[in-house]
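I opened this notebook to record what I looked up, going from the strands to the whole chain and then to a pocket.

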Amino acid sequence: MGKEVRRAQPIATDRPRDIIEMGGWQALLDRLNFSCGTIDGHFAKRSRRAVTQFQIHRGLATTGELDIETRLNLGKPGNAYVDYTVTEADLARIVPRPKGYLEMSKMAALDYHEPWEMLAEKSHSTPTFLRQLNPAVTNITAGTQLTLPNLEGTRKLPPVGRIVIIISETTLLAFDTNNKVIACFPCSIAADKTKVPNQPLTVANIAPNPNYTFDPKVLTLAAQQEGITNKLILPPGPNNPVGTAWIGLSLPGYGIHGTPEPEDISRTGSHGCFRLANWNATKLVNAVRPGIPVEVVP
């Protein structure tokens with residue numbers, strides 16, 4: 001009888017010890033489309049929900065923690081961060097902050113208001129976290145070199161077969177056509193729970209990089225403050241009120257869309273629609289089609 005061959009055992013990567021290491025794990029989850037909302041280095045409620053859904057997806061114990069089995073299944077973050085050089089084209093997207101809706105309607109695009117915001121959107125993170133990653137950078141100009149979370153190799157979402165929005169978890173799950181979870185995104189819901197839809201929904205239409213119609217009969221307070229009496233068309237851009245993507249639902253006036261305030265996702269309520277970070281809304285709008293079911297559950 002031959003000598004027994006001992007198989008090599010996989011070595012678990014270390015549990016993250018600080019915000020830089022945690023940001024690396026958040027970037028890896030983001031690349032796998034289990035989003036923590038924003039990459040910020042803090043393992044809080046949104047990160048735990050992303051980890052829990054990943055564990056369910058992989059058939060692991062649902063601890064909500066980055067335990068050994070979860071880290072083994074995730075793999076190593078690898079090059080969690082990447083060097084980035086700011087370009088003239090980046091800075092061309094910085095525009096003055098408009099004072100109101102009337103001024104917004106006169107702009108060519110509702111782009112970024114300052115460089116840290118632009119870089120945070122590019123890297124799915126927060127300006128605060130990027131400043132922590134780059135403490136020596138105080139002034140951003142063309143040619144400035146920074147360290148950003150590395151999102152290269154992000155999995156493209158396959159066609160989505162259905163969407164489930166879990167109200168109690170402020171989480172949107174996207175399933176593929178084989179009914180397998182392929183994405184988990186933090187989601188803001190209506191602050192007024194009576195405005196949460198309680199009926200079967202479907203995707204009615206999609207609009208990547210949409211404009212926005214300001215209706216003074218709907219946004220009455222803002223209209224009164226600015227003296228607006230007619231509808232206004234606000235141009236597209238990341239600071240458009242519905243962000244960089246709109247998925248209209250079969251219930252008139254309701255949709256899934258992006259937001260200019262990604263840090264608030266799942267932390268503050270919406271007026272009725274379902275809000276995602278711009279980057280997650282864009283991923284989703286590119287993978288859905290009219291007619292797929294959208295289920296809203298408690």
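I count two strands as paired if DSSP finds at least two bridges between them, and I take helices (H or I, at least four residues) and strands (E, at least two) as DSSP runs, numbered from the N terminus. The model is predicted, so I noted that local features need pLDDT of at least 70 and side-chain atom pairs pLDDT 80 or more, while totals for chains, interfaces and linings use all residues. Residues are numbered from 1 along each chain as its sequence is written, and side-chain values use heavy atoms, without hydrogens and water.

Entry on the sheet. I looked up valine 203 and found that its bridge partner in E9 is leucine 249. Strand E6 (residues 201-208) and strand E9 (residues 245-249) pair in the antiparallel sense over five bridges. Both belong to an open sheet of eight strands with mixed pairing, in the order E5-E4-E3-E12-E6-E9-E10-E11. Its edge strands, each pairing on one side only, are strand E5 (181-186) and strand E11 (274-275).

Entry on the chain. I found nine helices and 12 strands in the protein chain. The radius of gyration (taken over C-alpha atoms) is 21 Å, close to the 19 Å that the globule rule (2.2 Å times the number of residues to the power 0.38) gives for 298 residues, so the chain is as compact as a globular protein of that length. Along its principal axes, the C-alpha trace spans about 90 × 50 × 30 Å.

Entry on a lining. For the second largest pocket, I noted that the lining residues (those with an atom within 4 Å of a point on a 1 Å grid, where a pocket is an open set of points that a 1.4 Å probe fits, with protein on both sides within 12 Å along at least five of seven lines) divide into four nonpolar, six polar and four charged.

Note on methods. Nonpolar A, V, L, I, M, F, W, Y, C, P; charged D, E, K, R; others polar.
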